[in-house]
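Hi,

Here is the structure I promised to pass on.

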Amino acid sequence: MPPAPVNLLDFDDSRLTAFFAGAGEEPARARMRSKQVLRWLHQDLVDDFGSMSNLAKTARAHLQQIAAVGMPAVMRDTTAADGTRKWLLDVGNGNAVDAVFIPEDDRGTLCISSQAGCALDCAFCSTGKQGFNRNLSAAEIIGQLRHANRVLRADGIEAPWMEHGRHPVTNVVMMGMGEPLANLDNVVTALNVMLDDNAYGLSRRRVTLSTSGLVPALDRLREACPVALAVSLHAPNDALRDQLVPVNRKYPLAALLAACNRYLERAPRDFVTFEYVMLDGVNDQPEHARQLVHLARAVNCKFNLIPFNPFPGSPFRRSPRSRITAFQKTLTDAGFIATIRKTRGDDIDAACGQLAGQVLDKTRRTQSLAGVRVVAAA
Ligand code: SAH
Ligand code: SF4
């Protein structure tokens, strides 16, 4: 049996260069080939090696034998009333993940998933409640961006931010299913492709990674590929955060905030965005806002308050609007910038924390929630 073809979407520039060197190209030629192929794959969005016209015929024929361009298949494509678009992408073995495109006046943002499910089990998160199946490959991560750009371009999307030749997606947020820092190697490879001028050429400031706070991996990201950072705080003290974001028991607030400050030394923006989901009667009281003000003085930060998005079987309710604005006022009165996240695409379950994809839980933690999966996947 010939070896399985290598999926070139799994490679960033350094890996693709190594691949061509391994296939017998001289170092300078391997570097050049890598850039050429990255441009075909990620700028022209071409799948077929035969059309890569600046490669020698023999090189194209060789690639056809040993390589492939493997994209996740689309299982469902839904558009919300507000224009938010969600694709459910098949990642094999009965698993699927969501990618969500959010058009705004001045940008087109794609929310990307990093894992099928999530092992971190935050109390208020639909993805977490489904358990964990596996990490996505780099190809499955970058494939979401490639797919969205290709479909939106083919549809002839008309938007103010579209200039000639530019991809429709101008911003990426790693805020879909999964904890990106729990899949760091593949996420960094995909980030490298997002930033590469021969590929999507996004600026570091337009790529945001959201994490629940895996401190050692955050330090590694700081070295490997610093992009804009969002941290899921959700509670102003360890006792409450231990309940809502269980990974806090391992990396408590003091350690997390110290890691944020280390990260900021390298980050493309000079602040961290603290995400704070507003849960009625749980973390939204005046006392919580005051504690948060005290805590957040330690880090240069902004706040993004996220009205809780309900999902089947969740025990929480969204805080009333008046309480969210009162909470915001305490923060802004103390000198912080605090925005309230607009809920987008909730009529198609595309809003934060509603992404259910389709996860065959390997952790067996959530068998009793199997019904939720069926509803979500229907
Ligand atoms: N695992 C990463 C990124 C994915 S979640 C993280 O936790 O940061 C993206 C954001 O949505 C996080 O801030 C997360 O806490 C929030 N979120 C999760 N469930 C939610 C829900 N039901 N309603 C509103 N926000 C939610
Ligand atoms: Fe995982 Fe993030 Fe959901 Fe927590 S909020 S369970 S870390 S995806």
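**Around ligand 1**

There are 19 residues around ligand 1, and those that come nearest are F124, G178, S210, S232 and H234 (around meaning that a heavy atom lies within 4 Å of the ligand). Bear in mind that this is a predicted model, where local features need pLDDT of at least 70, side-chain atom pairs count only at pLDDT 80 or more, and totals for chains, interfaces and linings use all residues. Residues are numbered from 1 along each chain as its sequence is written, chains are lettered from A and ligands numbered from 1 in the order in which they are written, and side-chain values use heavy atoms, with hydrogens and water left out.

By class, that shell splits into 8 nonpolar, 9 polar and 2 charged residues (Ala, Val, Leu, Ile, Met, Phe, Trp, Tyr, Cys and Pro count as nonpolar, Asp, Glu, Lys and Arg as charged, the others, Gly among them, as polar). Strand 10 (207-211), strand 12 (272-278) and strand 13 (301-307) each give it at least two residues; strands here are DSSP E runs of at least two residues, helices H or I runs of at least four, numbered from the N terminus.

Now the polar contacts (N or O pairs within 3.5 Å). A polar backbone atom of F124 sits 2.9 Å from a nitrogen atom of ligand 1, and a polar side-chain atom of E179 is 3.3 Å from a nitrogen atom of the ligand. S210 has a polar side-chain atom 2.6 Å from an oxygen atom of ligand 1. On its own, ligand 1 has 530 Å² of accessible area, and the protein covers 95% of that (Shrake-Rupley, 1.4 Å probe).

Cheers

Technical notes:
A polar contact is a pair of N or O atoms within 3.5 Å; within protein, one must be able to donate a hydrogen and the other to accept it, and residues adjacent in sequence count only if both atoms are side-chain atoms.
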